[in-house]
Amino acid sequence: MEEAAALKAVVAELSGRFEMEAWSRLGRGHIHRTYEVRAREEGVERTLVVQRINRTVFPDCRPLAANLEWMIERTRGMGVGIPAVFRFRTGQLFREDASGTWRVMERVEGDCLEVIDTPERAREAARAFAAFVFCLDGEPRLPWAVVLPGFHDTPSRLARLDEARSRASVERLGACREELAFVEAWRDRAGRLAAVLDSGGLPARVAHHDAKLNNVLFDRESGRVRAVLDLDTVMPGTPLYDLGDLIRTASHRGAEDERDLSKVRIDPELLQALCEGYREGAEGALTGAEEAWMLPAGVTITLETGVRFLTDYLDGDRYFATSRPDQNLDRCRTQFELVRQLAAWIPKGCHGI
């Protein structure tokens, strides 16, 4: 009842005359709480996506709002867009009340994939993400807000793992000895991408920062991507972060939390499709240095994500939502298996990988 009352109040405050009729939980996102709401606006039925923002992760929504305003402006008329965002009566994109911080978007029909099915889909997902971020990266240069400092700063992620390790329970430490040893073996190579970006060896651009396969929505008839989703982490960075995340999630057909690691196998066709699709979406804008870092970025982002899952496991599963015991540890193990396999595709000594 509390959820229903909160949702009804949020919908009633939208700009327009909305009245909620029904609601249900939507999706399996790790961070926010998301709902599908059926409502009527002056007699017309509308389907909305209502999100309660995780205020632990995003205590201040002003940077989110500023970046979202820029995205609405930049993507107007694009082939690959973003879901329409509704304004409240205040004119703002977010509403804050006693029940939380809220945002309301259009419900766009289409398919979100947890596991890739064909090379064609992999190519299309990569093309769409590249087209999206390179559209945002155009002129004039916009003052994008950094909403989560250090989000893809791998050395900082390793430091947080060390802190979690120092305070973890004996039981959890004992369960992940092999994973901690794996991190130590990779530690001196893990921060190379961040160092090259910081030194100016790669151009500073805008990136989505969470370019997972399930963050694009495919049209059910054409197979093309209709929209790019989960926009909270769009901020300055490098598109290589996004390609790295795509390689992590769409170069194989295993689940992110797969327990049977024999099912986690890099597919050469998928890997090639991702790289070709990303080049296509970038339309020649990738520099030679960015081209050289494409596969190593996949290794780096996959390793970093495994470190994040391992950190959360040691911290008692406080950040990523879990539905069963040891899920974050299984997620970590899957990432580290992918690191082993991806590294085999890269010539020895390339960028220190």
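Predicted model: local features only at pLDDT ≥ 70, side-chain atom pairs only at ≥ 80, totals over all residues.

Reader: Which residues touch the most other members of the largest nonpolar core?

Author: M71, F132, Y278 and L310 do, within a core of 92 residues.

Reader: And what does F132 touch, leaving aside residues up to four places away in sequence?

Author: F132 touches M71, T75, M78, I82, H208, V228, L231 and V234. Another core, of 16 residues, lies apart from the largest one, and its members include V10, V37, F86 and W102.

Reader: Changing topic, how many disulfides does the structure hold?

Author: The structure holds 0 disulfides.

Reader: Is C275 buried or exposed?

Author: C275 counts as buried because its relative accessibility is 9%, which is under the 20% cut-off. C135 counts as partly exposed because its relative accessibility is 23%, between the limits of 20% and 50%.

Reader: On to the second largest pocket: how much space lies in it?

Author: The second largest pocket holds about 520 Å³ of space.

Reader: Which residues lie nearest its centre?

Author: Of the 19 residues that line the second largest pocket, V57, R157, R160, R308 and Y319 lie nearest its centre. Helix 4 (154–167) and helix 11 (294–314) are the elements that each give two or more residues to this lining.

Reader: What is the lining of that pocket like by class?

Author: The lining of the second largest pocket has 7 charged, 7 nonpolar and 5 polar residues.

Technical notes. Residues numbered from 1 in each chain as written. Heavy atoms only, no water. 1 Å grid on protein atoms, 1.4 Å probe; cavity = no way out; pocket = protein on both sides within 12 Å on 5 of 7 lines; lining within 4 Å. Points joined across faces, edges and corners; volume = space filled by probe spheres on them. Helix = DSSP H or I, 4+ residues; strand = E, 2+ residues; numbered from the N terminus. Nonpolar A, V, L, I, M, F, W, Y, C, P; charged D, E, K, R; others polar. Core = buried A, V, L, I, M, F, W, Y, C linked by side-chain atoms within 4.5 Å. Buried < 20%, exposed > 50% of the residue type's maximum accessible area, 1.4 Å probe, protein only. Contact = heavy atoms within 4.5 Å. Disulfide = S-S within 2.5 Å.
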